[in-house]
Amino acid sequence: MRIGDAKQSYEADEAIWTSSTQKIWLAIFLLALAVFPFFADSYLLYMGCLVGIAVISTTGLNILTGFTGLISLGQAGFMGVGGYTVAWLSLNTALPFPVTLLLAGLLAAAVGILVGLPSLRVKGLYLAIATLAASVFLHFIFAQWESVTGGMGGLSLEPAHLFGLTLQSDFEMYFVIVPLAVLMVLAAKNVFRTRIGRAFIAIRDRDISAEILGINLLRYKLMSFALSSFYAGVAGGLFAYFYRVVTPESFPLSMSIFYLAAVIVGGMGNLLGGILGAAFMTLIPEVLNLLTAALTPFYPNAPIFMSPMLEIIFGALIVGFLIFEPHGLAEIWHRIRRFFSLWPFRN
Amino acid sequence: MSSILEINNLSLSFGGVKALQDVSFRVPENTVTTVIGPNGAGKTSLFNCISGFYTPQQGTIRYQGEVLAGVKPPVRAAMGLARTFQNIALFRGMTVLDNIKLGAHVHMKSGLLGSLAYFGAARREEMAVRQHVEQHIIDFLEIDHIRRKPVASLSYGLQKRVELARALAMRPKVLMLDEPVAGMNREEKEDMARFILDIREEWGVTVLMVEHDMSMVMDISDHIAVLNFGQVITEGLPSEVQNNPEVIEAYLGTSDMDSLRKKLNPEYEVA
């Protein structure tokens, strides 16, 4: 049971982690993340990197959809802008890796602002359609602007260099992706401790009274779009360095839906939910594959039977979450935490 | 006494419906001024004109001597016009504390980069707001026990109080309250009346409110304007308004059918 955590200052009260138990678990978690690559095999490392990229992009979409209430189907398009930016920059300039990544985020943010312009007038499904149109438009540019994007064949990149190291393997990429993911989630958390994050939530909950409180709706909606697509752009840039090739098919529309599903399954408007949702959506198909493999010795027909079932099971899991846990994985996490913070007493 | 807010010949119509017709009255500085009138008299429309949601077809609103035409709602907020809504307009996804802090939004400056880093000026600003909210608002309105709760879990009376707290965090010069005690029990009403009087006296804020509870209106108002069918019938001290025959008629109705018909149709001739 948690006791004795009365705070003496507002500063201590507003901290992200307020109890020593939390801090210890956080330290253990970060340590686990740091030593993970030394013990994991190449498959797990590959998955770790994918989860890291997904966490960044999901956090971005969560800012826009979960916290500001603006539904977007453009996330894959914004990631594409980021991916193509780093690809083009690394092929045509000598800019160092961190700079290309930053520029990828900034360019994606600029595109995000353009796409977000209709959001002052349209909301909900209509905005989803507007962003869908933007993503189709971006896809068209990726495929047709051959002199810059390489057309359908896409662009291939050289491995990134950082501090004299060549980031060639998943092992090296892991140490770029995961710390960046941690930093960016932390930055997002900070935003929601300040007036800007509150303004986003106010717009989501009741835009008319947000305006009465002096929140300029257009400005903050565009800011949310910019921030969200910045995250998407950085994730897309990492994606490009990770696979070292970008084609128009690297960023399909289904990817936007994947991230929207990750936000919803994880818990809208909850950063922890975004992390859990990203991990869930990335890992569950793999877990189902492993399950199939484990079943094969007993039922030799398992792969034939299971492979068409995987998508159905995956879909059923998402539907199940929506029905039984509308607040997402984050709510399950909070229940577990409540149980332990009061243990051994009944909640 | 000088007026902080002056409404001159304001007219507002939606198609054929005349919500406000030639409405003029003034809100003297540092008073509790109440607008009363039957349902549909145009009180909330008047509030919406003052906060900038509706653009009146005619007339002007002067705030501290300045005409407010074309000034957008967020700018009016920064100028010191705060309001609460008839149907509570809190942000349900946030805690009480965050809702109140949102009121201070216009007085804060930190930008996106400062927010992302939560460092330096952005952090100091957040702490200053927290301190101000805690010491001056939460304490004053006696809501310290609920500050961590999500607003959706609170009773109606407490939600109204949180909405008042949020408006106070805007550091208003004029506080507009749309039915602050509607749906409250007696004790909650008494608390709210006390808060409103204290806000005027201790904070020096001018209060403009719309309210139906006549005993409270007569007890705490310094100045009353009566609105009926979009027009100001009379304005003055509570005692003057109370005994005005037109006000009594507007509120209690009349048994004289001819006068009612005449009111609905000015061309109607008494048979």
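Modeller: In this predicted model, two residues are in contact if their C-beta atoms, placed from the backbone, lie within 7 Å. By that criterion, chain A contributes 28 residues and chain B contributes 31 residues to the contact between the two.

Biologist: Which helices of chain A supply at least two residues each of the side that touches chain B?

Modeller: They are α1 (10-13), α8 (170-191), α9 (195-205) and α10 (207-212) of chain A. With 9 residues, α9(A) gives the most to this side. Sorted by class, the side of chain A that touches chain B holds 12 nonpolar, 7 polar and 9 charged residues.

Biologist: What values does the predictor give for the complex, and what is the average pLDDT of chain B?

Modeller: The complex has an ipTM of 0.83 and a pTM of 0.88. For chain B the average pLDDT is 87, and 93% of its residues score at least 70.

Biologist: How do you know whether the radius of gyration of chain B agrees with that of a compact globule?

Modeller: A compact globule of 271 residues would have a radius of gyration near 18 Å; chain B has 20 Å, which agrees. Along its principal axes, the C-alpha trace of chain B spans about 80 × 40 × 35 Å. Of its residues, 42% count as buried. Chain B contains 11 helices and 10 strands.

Biologist: What makes β6 and β10 of chain B edge strands?

Modeller: The open sheet has 6 strands in the order β6-β7-β8-β3-β9-β10 (chain B), with mixed pairing. Two strands count as paired if at least two bridges are found between them. Since β6 (81-84) and β10 (231-236) of chain B each have a single partner strand, one side of each is left without a neighbour in the sheet. Neighbouring strands here are turned by 15° against each other on average, direction ignored.

Biologist: Why are β3 and β8 of chain B called a pair, and in which sense do they pair?

Modeller: The requirement is at least two bridges. Strand β3 (residues 32-36) and strand β8 (residues 206-210) of chain B have 4 bridges, in the parallel sense. Within this pair, T33(B) stands opposite L208(B). Helix α7 (residues 186-203) of chain B packs on the sheet, touching β3, β7 and β8 of chain B, and its direction makes about 150° with that of β8(B).

Biologist: In what order do the 4 strands of the antiparallel open sheet of chain B lie?

Modeller: The order is β2-β1-β4-β5 (chain B). Its edge strands, β2 (17-28) and β5 (66-67) of chain B, each pair on one side only. Strands β1 (residues 3-14) and β4 (residues 58-63) of chain B are joined in the antiparallel sense over 5 bridges, and I7(B) has I61(B) as its bridge partner in β4(B). Helix α1(B) lies across β1, β2 and β4 of chain B, running at about 65° to β2(B).

Methods. Residues are numbered from 1 along each chain as its sequence is written. Chains are lettered from A and ligands numbered from 1 in the order in which they are written. This is a predicted model: local features need pLDDT of at least 70, side-chain atom pairs count only at pLDDT 80 or more; totals for chains, interfaces and linings use all residues. pLDDT is the predictor's confidence in each residue, from 0 to 100. Ala, Val, Leu, Ile, Met, Phe, Trp, Tyr, Cys and Pro count as nonpolar, Asp, Glu, Lys and Arg as charged, and the others, Gly among them, as polar. Axes are lines fitted to C-alpha atoms, for helices over the stretch in contact, and angles run from 0 to 180 degrees between N-to-C directions. The radius of gyration is taken over C-alpha atoms; the globule rule is 2.2 Å times the number of residues to the power 0.38. A residue is buried if 20 or more other C-beta atoms lie within 10 Å of its own, exposed if 12 or fewer, and partly exposed in between; C-beta atoms are placed from the backbone.
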